[in-house]
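Subject: Handing over a structure

Dear colleague,

I am passing on a structure that you have not worked with before, and below it you will find what came out of going through it. Please keep it open beside this email while you read.

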Amino acid sequence: MDNKNNKEVNIKEFISPYVKNWKYFVGMVFLMGVLAIFYLKSKVSIYKVQTSVLIKDAKKMSAASGDIGILQSIGGFSGMGTNSIENEVGVFESKSIVEDVVREHNFQTPVYAKQTFNQVELYGVTNPYIINVIQDKKNVDLPKKPISIKSKGNEIVLSSEEWKKDITTTYNKTISLPYANIIISKNQTFKPLKKMDMSDVCFYYSDFESTVNDLQEALMVDLLDKDGTIISLSVDFENKDKAKDLLNGLVRQYNVYAVNDKNIESKRTKDFIDKRITLISRELGDVETQKEGYKSDNRIVDLASEARINLQMKEQSKSHILELGTQVELNRILQSTLNKKGSGDVLPLNIGLDNDAAGKAIQEYNALVLQRNKYLEEATPDNPLVKTVNKQIEEMKSSLSETLQKNAISLELAKRKVEGQLGSSEQMISKIPTQEKLFRSIERQQQIKESLYLLLLQKREEAAISMEITAEKARVIDKAFVYRKPVAPKKMFTLGVFLLAGALIPFVFIYLKQLLQSTIITRADIAKLTKIPVIAEIPKLKIKENPLVSFNDVTPMAESFRIFVTNLRFLLPAKDAPHIILVTSSVKGEGKTFISTNLSIILASARSKVLVVGADVRNPQLQRYNPAMKNAKGLTEFLSGEEISINEITHPSGYNENCDFIYSGSIPPNPTDLLQNGRLDELLELIKAENKYKYIVLDTAPLLLVTDSFLIADKSDAIVYVTRSEVTENSYIEFLNNSIEDDKLKNVGIVLNGVKESNFGYGNKYGYGYNAEEKKWWQKYF
């Protein structure tokens with residue numbers, strides 16, 4: 001039965017510190033819950049994106065592996081072969097395939113929009129900027145901070161905490177950063193996300209190799225079934241579209257590799273044809289240039305047409321020469337006739353002369369001749385009219401002669417020009433056979449090159465078609481898809497971890513505090529260290545609380561001192577003489593003066609006269625409750641032998657009319673000698689002789705620091721040993737035990753001072769006294 005009770009006590013003692021501090025558990029769990037919410041808010045959801053492909057003919061081995069297969073079947077060579085599907089997994093995990101995908105997509109400069117709690121990656125249509133890395137700079141330190149990007153109109157401002165100066169530039173212009181050259185352009189397909197703050201946008205830069213390494217580490221490649229040929233590829237990414245592009249790009253690039261491997265002959269043929277096409281194209285261009293130059297130099301558009309035109313021009317020139325010769329002859333005849341005819345003869349008119357001016361002049365001349373002849377029929381040659389007409393005929397004859405002469409010159413010039421054209425046509429016609437021979441030679445080379453060029457083009461198309469119709473090695477079973485639930489952060493798990501941490505932190509703290517605790521906390525701690533009774537627990541003094549109890553005080557402090565007095569009376573012997581109570585402690589600061597003063601006030605409240613003697617002459621503390629008595633004469637003056645009476649050093653306490661104080665007085669240079677000179681015994685005898693006081697309380701020095709209290713311990717009827725919660729070391733109790741065993745101290749009772757309400761052995765839950773004020777609900781927790 002005792003063992004069962006001991007177990008119950010041990011369990012209670014174990015859980016008691018945790019139950020007493022339950023509010024710390026509640027508060028920490030609540031705080032960690034709030035932190036969990038903030039943590040989850042600050043983390044962007046990470047989604048798992050996956051794709052799966054079927055590798056065709058993955059288990060087919062090459063011809064060279066046939067012998068190995070036979071050896072494997074014997075049984076002793078089971079490890080000599082290779083599983084080809086594992087090779088394909090290795091291809092997907094290789095760095096080269098990731099490098100090709102990174103070159104295809106813009107993964108080096110991820111763009112983020114900073115939000116209230118986190119930052120969201122922008123990609124694809126959600127990204128307002130397209131940032132292309134032109135060239136990575138070698139042997140430079142990579143940035144650790146993001147690069148903020150702000151735009152206004154066509155102007156862009158880049159800034160970073162690592163830069164001394166911002167960079168201002170424009171779209172579509174090469175920008176030289178400390179670690180790379182980039183170009184920023186607008187995304188024409190940009191569509192902002194709803195409820196997304198785009199006021200603070202930044203991007204991170206990583207070099208090509210680092211980007212490849214990061215993506216390679218993030219990529220997870222595995223077989224869905226060890227006996228199958230289906231490979232799954234997955235990544236955990238914040239941005240779903242980016243993850244899809246990565247996985248689809250890997251599958252696409254894998255098929256490109258496979259097709260290239262299968263079509264290596266076709267590819268080499270195509271490459272050879274491409275080289276020949278380039279050569280033939282250049283040669284064909286040279287021939288066409290030669291043809292163009294020949295035509296340009298010889299002014300030829302079409303050789304056959306040119307020959308036909310020259311023949312036509314030759315015939316036309318001959319005909320024209322004949323016509324011009326006729327006109328020259330007719331003009332000469334008219335000139336000769338004009339010179340031979342007299343004044344009365346008319347000239348022939350319509351003889352075929354093609355000159356309107358000459359014909360008109362002949363008509364006018366003939367009209368004048370006819371008019372003259374008509375005048376002569378009726379008048380003599382001397383007639384004035386006849387003379388006038390004769391004069392006009394002479395003038396007209398002179399003018400007509402001049403006209404015919406000019407016409408003759410004009411006809412001769414025209415004839416020479418036509419004759420020149422005839423010569424040119426005959427010369428061009430004579431060159432045509434030679435030109436035709438050379439031109440046909442050039443055309444023949446052109447036709448040969450064109451035929452060869454067309455043939456190569458045809459063969460290239462045949463090779464390209466052959467390559468294109470080759471089936472892909474990896475057939476996509478599931479295109480890249482996103483799992484509905486994010487893989488991180490796991491909200492419930494995270495919340496559970498935070499809440500568990502909220503419960504564990506105070507538990508561990510309390511446990512470690514108890515484990516490492518070297519001071520006394522509760523009454524039970526003293527009970528474990530000594531058999532000396534604990535006669536009182538004094539609650540911890542609250543801030544702004546009066547340190548001294550008052551008359552009819554029903555506070556927990558006053559009630560605890562009343563309990564103290566009650567228990568103390570059981571220690572005091574039954575006698576009529578004044579009871580001497582010595583109050584001491586182990587070290588300074590445990591509350592001896594506080595206990596002495598309040599003890600005397602409670603003792604005096606029972607109509608008993610009490611005298612408090614400040615026996616700690618090294619460090620007087622009694623007068624701190626009455627600063628006016630700081631310089632008052634006291635025990636030191638009496639012990640030093642001054643002629644002074646007891647009444648001169650005894651002063652009313654000011655707190656209770658039944659309580660008087662003898663203060664320590666001035667600090668002496670030899671306190672130990674004073675306490676041993678016998679004057680203290682004389683003082684106590686004088687006080688007893690007065691028979692005025694029922695209790696004499698000696699407020700003494702700490703035992704561990706000086707021997708003063710040991711010198712006067714034998715003069716006391718009871719010793720109150722003051723300890724303080726969270727101050728008194730466990731080793732001090734061992735010192736007390738040794739002092740009692742050595743008979744240095746007798747009739748000792750321990751007072752535990754400064755106890756927190758939660759550490760009280762009793763009464764802390766309900767308060768003290770019948771008239772104690774009931775606490776409000778919030779006062780119980782705060």
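The expected span of a helix is 1.5 Å times one less than its number of residues. This is a predicted model, and helix α14, which runs over residues 556–571, agrees with that rule, because its 16 residues should span 22 Å and its end C-alpha atoms are 23 Å apart.

Helix α14 also has a buried side to look at. Buried here means under 20% relative accessible area, and the residues of α14 that are buried are Met557, Ala558, Glu559, Ser560, Phe561, Phe564, Val565, Leu568 and Leu571. An α-helix has 3.6 residues a turn, so residues three or four places apart point the same way. Among the elements that cover the buried residues of α14 are the strands β14 (534–539), β15 (579–585), β20 (718–724) and β21 (748–755), together with the helix α15 (592–604).

Next come the cysteines. The structure holds zero disulfides.

Glu88 counts as buried, because its relative accessibility is 11%.

A second salt bridge joins Lys145 to Glu161, with 3.9 Å between the closest N and O atoms. Lys145 lies in the loop between β4 (129–136) and β5 (147–152), and Glu161 in the loop between β6 (155–159) and β7 (167–170), so the pair ties together parts that are 16 residues apart in sequence. Lys145 is partly exposed, at 37% relative accessibility, whereas Glu161 is exposed, at 69%.

Finally, Asp714 forms a salt bridge with Lys715, where the closest N and O atoms are 3.8 Å apart. Asp714 counts as exposed at 63% relative accessibility, while Lys715 is buried, with a relative accessible area of 18%. Both residues belong to a network of salt bridges that links Asp681, Asp714 and Lys715.

Methods
Residues are numbered from 1 along each chain as its sequence is written. This is a predicted model: local features need pLDDT of at least 70, side-chain atom pairs count only at pLDDT 80 or more; totals for chains, interfaces and linings use all residues. Side-chain values use heavy atoms; hydrogens and water are left out. Helices (H or I, at least four residues) and strands (E, at least two) are DSSP runs, numbered from the N terminus. Buried means under 20% relative accessible area, exposed over 50%, partly exposed in between (1.4 Å probe, protein chains only). Contact means heavy atoms within 4.5 Å. A disulfide is a pair of cysteine sulfur atoms within 2.5 Å. A salt bridge is a side-chain nitrogen of Lys or Arg within 4 Å of a carboxyl oxygen of Asp or Glu.
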